[in-house]
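Please look through this model before reading the points below. They are meant for a reader who has not seen it before.

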Amino acid sequence: RPASLHRSPHPALVPKSVFVRLSSSMLRPRWQKTLFRTLVLFAVLGGLGWGGRLVWKQVSPTLFGNRREEKIPTARVKAATIAEEIVAVGRILAVFSTELRSEVNGRIMKISARDGQTLARNDEILRLDQQDLLTQLQESDRSIEAARLRTERAQRDFDRQRDLQARGLIPNKDYEESRITLALAVNDAAIAESRNANLRDKLTKTIIRAPHPGVLLLRDLTEGQVITGVGGQSGGTLLGEVADLSALMIRTNVNEIDVARLKVEDRSRVRIDSLRGVMMTGTVRRIATSATESPNDRTRLFPIDVVLDTTAVRLRPGMSATVTFSLSRAENTPSLPLTAVFSNADSVRYVFLHKPEGFEARVIETGIADTRRIQVLSGLSLSDEIALTRPLAFDGEIPVVGASPTTPPGKLIK
């Protein structure tokens with residue numbers, strides 16, 4: 001191609017309208033960038049201003065020794081009913097019950113009773129395999145017979161040797177040997193009879209019977225299952241329980257601080273957790289004299305038995321229940337929320353009384369308390385307005401009781 005085709009046109013030959021369009025297209029991106037940077041700058045400055053305002057609101061109350069006004073939640077002294085109570089959780093047990101465990105090892109051959117069956121004394125519950133014991137008993141009977149025969153023979157030999165010794169026909173040595181042989185034979189016979197009696201006793205223990213009248217609470221057992229006796233390391237297999245369900249109780253645990261405030265014959269309220277709306281009453285029948293240690297937090301707990309005044313068909317041993325012990329009760333007494341009462345290192349309790357000029361620390365005398373309110377015995381009157389939180393003017397110091405702390409003019413705590 002000719003070289004003239006690749007040359008740029010001369011400026012004099014380019015129209016003026018073309019230059020105008022080129023310059024406007026080059027200036028437009030610069031204007032947009034300037035606008036974008038301006039908007040970003042304003043956004044950053046706005047964010048810094050908002051953050052500085054929040055920080056100022058946090059730190060300004062403590063700057064220059066002044067405190068800003070604050071809004072303190074308050075409550076008034078009012079009459080209420082306060083009941084001081086101890087709440088504990090326990091489970092239902094029969095007052096009179098006996099665990100069933102076998103005294104011998106064996107295999108279950110027959111289960112004669114069913115779970116929930118009412119039993120009389122000595123009713124058969126289950127039977128263990130007796131074959132091994134019967135075999136040993138037969139062998140023991142043969143041993144007793146053999147020992148009896150040996151004793152009879154030794155007795156005849158001794159009688160003969162004694163007659164010969166009396167006539168001087170044998171030495172004393174032969175006579176003493178016959179006497180010792182007779183004594184050993186008698187001793188062996190006695191041992192055989194003792195072993196036989198032990199086997200017969202074990203044979204009777206293969207039949208588990210009801211120790212007393214009651215309802216059978218049988219565990220999940222099957223015929224053919226092997227069980228261990230009480231002589232084992234784990235105390236034997238628990239077979240079940242015979243319980244008298246005509247009298248039930250709640251066994252619960254109370255910590256060492258609250259147990260000192262309870263005594264036998266105290267009344268209590270019982271709520272069965274699985275039976276909604278069922279409330280019962282009971283009486284404390286036993287307070288353990290020694291404590292047990294909780295495995296979780298090593299708290300010392302005292303077992304307490306509360307016998308129910310009445311029973312119901314729906315109640316079952318093992319159900320959980322909540323027991324409430326009422327210690328004291330005050331009707332229509334001046335009271336405050338618990339959060340409104342403070343105490344110092346000397347256990348002096350005080351509140352912050354609201355007055356027109358600010359808050360004043362006031363010593364009060366308190367009585368019983370429940371989970372929400374505390375009784376006021378002296379120091380306040382009904383309808384007095386009390387702060388629910390500590391005012392900032394009292395932070396970091398023990399208040400001077402009976403007087404309001406010094407605050408700058410115009411900065412009273414309202």
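The points below go from the whole chain to single residues.

1. Overall make-up. This is a predicted model. The chain has 414 residues, and 32% of them are buried. Its secondary structure consists of 4 helices and 20 strands.

2. Contacts and surface. Of the contacts between residues at least 6 apart in sequence, 74% link residues at least 24 apart.

3. A nonpolar patch. Which residues form a nonpolar patch on the surface? They are Phe36, Val40, Leu41, Val44, Leu45 and Leu48, and together they have about 600 Å² of accessible area. One of them, Leu41, belongs to helix 1, which covers residues 16-59.

4. Gln161. Helix 2, made of residues 131-166, contains Gln161. Is Gln161 buried or exposed? Its relative accessibility is 18%, and the limit for buried is under 20%, so Gln161 counts as buried. When neighbours within four places in sequence are set aside, the residues in contact with Gln161 are Ile170, Asp174, Tyr175 and Ser178.

5. Strand 19 and its partners. Strand 19 (residues 373-378) pairs with strand 14 (residues 320-337) in the antiparallel sense, over 3 bridges. Here Leu336 is opposite Ile374 of strand 19. Strand 19 also runs antiparallel to strand 18 (residues 365-369), and 3 bridges join these two. Glu365 has Ser378, in strand 19, as its bridge partner. How many residues does the hairpin between strand 18 and strand 19 pass through? The hairpin that joins them has 3 residues.

6. Glu265. This residue is not a glycine, yet its phi is positive, at about 80°. Glu265 sits in the loop between helix 4 (256-259) and strand 10 (267-272). With a relative accessible area of 49%, Glu265 does not pass the 50% limit for exposed, so it is partly exposed.

7. Asn332. A positive phi, about 50°, is also found at Asn332, which is not a glycine. Asn332 is located in strand 14, the strand that pairs with strand 19. Why does Asn332 count as exposed? Its relative accessibility is 60%, and exposed means over 50%, so Asn332 falls in that class.

Definitions and conventions
Residues numbered from 1 in each chain as written. Predicted model: local features only at pLDDT ≥ 70, side-chain atom pairs only at ≥ 80, totals over all residues. Heavy atoms only, no water. Buried < 20%, exposed > 50% of the residue type's maximum accessible area, 1.4 Å probe, protein only. Contact = heavy atoms within 4.5 Å. Patch = residues over 30% accessible without salt bridge, like charges linked within 9 Å, V, L, I, M, F, W, Y side chains within 5 Å. Areas by Shrake-Rupley, 256 points an atom, 1.4 Å probe, with all protein chains shown as cover. Salt bridge = Lys/Arg side-chain N within 4 Å of Asp/Glu carboxyl O. Pairing = 2+ DSSP bridges.
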